[in-house]
Amino acid sequence: MKKLFIVANWKSNKTTFEAIQWLKKFTVASSQLTDKEIIICASFTLLPDMKKTITELKLPIKLGAQDVSPYDEGAYTGGVNGKQIKEFADYVLIGHIERREKFGEDDGVLEKKVTMAIKYDITPIFCIQKENSFIPATVKIVAYDPAFAIGTGKPDTAENANKIAHQVKTNGIDFVIYGGSVTSENVNNYTQASHLDGVLPGKASLDPAEF
Ligand code: PGA
């Protein structure tokens, strides 16, 4: 059985109280866990208390950040660097369309973020929106999440996502997941596609039952 990455992207949502409530409500049958890596990418402010609760409740969940500073520790006001993130999280989302478009991040800055993540042993989940996108050489996990499918209720087809995953893997990427209007109804189409290794739900991850 292939390994599946089920990656929640909470985006800019939830207070600490709400995040802990989510964790307390989250249940998963151990039979469903075989070969699955469940990752929640949450705001920096939520990560410390989430880590504590995950440990206390022995939940099968890993944490991811939604950003990492392109700089190391030092005089970078507002930057949250890889060394700080590694205290709480093992993964980080880099290159999401919302960062590219709303925060103006380009390939150059995204590559620096990947370098910083790898330096501190944080696995980047590098998001691309189309075929033949720039992917830094050290990246192993790519999320294909096309802009037209994000938050629109209009996902890409599993066939097309699978085709793009295949193309991306020919360039030495180990795992490709799909994001964009994934729900409990359509998730199996993606997880069963031969070249896809999981999903990246946004909206559908905010409710623990749906997730
Ligand atoms: P969505 O977000 O599931 O809400 O469409 C997915 C994403 O941002 O990758």
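Which residues does Trp10 touch, not counting residues up to four places away in sequence? They are Ala19, Trp22, Ile40, Cys41, Ala42, Leu46, Met50, Gln66, Ser205 and Leu206, where contact means heavy atoms within 4.5 Å.

This is a predicted model: local features need pLDDT of at least 70, side-chain atom pairs count only at pLDDT 80 or more, and totals for chains, interfaces and linings use all residues. Residues are numbered from 1 along each chain as its sequence is written, and side-chain values use heavy atoms, with hydrogens and water left out.

Trp10 belongs to the largest nonpolar core, which has 51 residues. A nonpolar core is a set of buried Ala, Val, Leu, Ile, Met, Phe, Trp, Tyr and Cys residues joined through side-chain atoms within 4.5 Å. Buried means under 20% relative accessible area, exposed over 50%, and partly exposed in between (1.4 Å probe, protein chains only). Trp10, Leu23, Ile40, Met50 and Ile61 have the most contacts inside this core. Helix α6 (residues 158-169) gives the largest share, five residues. Helices (H or I, at least four residues) and strands (E, at least two) are DSSP runs, numbered from the N terminus. A second, separate core has 12 residues, including Phe5, Ile39, Leu93 and Ile125.

Gln66 is one of the residues that Trp10 touches. Gln66 sits in the loop between β3 (62-65) and α3 (82-86). Its relative accessible area is 19%, so Gln66 is buried. The side chain of Gln66 reaches two backbone oxygens: that of Lys11 at 2.9 Å, and that of Cys41 at 3.0 Å. Polar contacts are pairs of N or O atoms within 3.5 Å; within protein, one must be able to donate a hydrogen and the other to accept it, and residues adjacent in sequence count only if both atoms are side-chain atoms.

An N or O atom in the Lys11 side chain is 2.7 Å from a ligand oxygen. A polar side-chain atom of His96 lies 2.7 Å from an oxygen atom of the ligand. Gly151 uses a backbone N or O atom, also at 2.7 Å from a ligand oxygen. The protein covers 97% of the 280 Å² of accessible area that the ligand has on its own (Shrake-Rupley method, 1.4 Å probe).

Leu33 lies elsewhere, in the loop between α1 (16-25) and β2 (36-41). Leu33 is partly exposed, because its relative accessible area is 22%. Beyond its neighbours within four places in sequence, Leu33 is in contact with Val28, Ile38 and Pro60.
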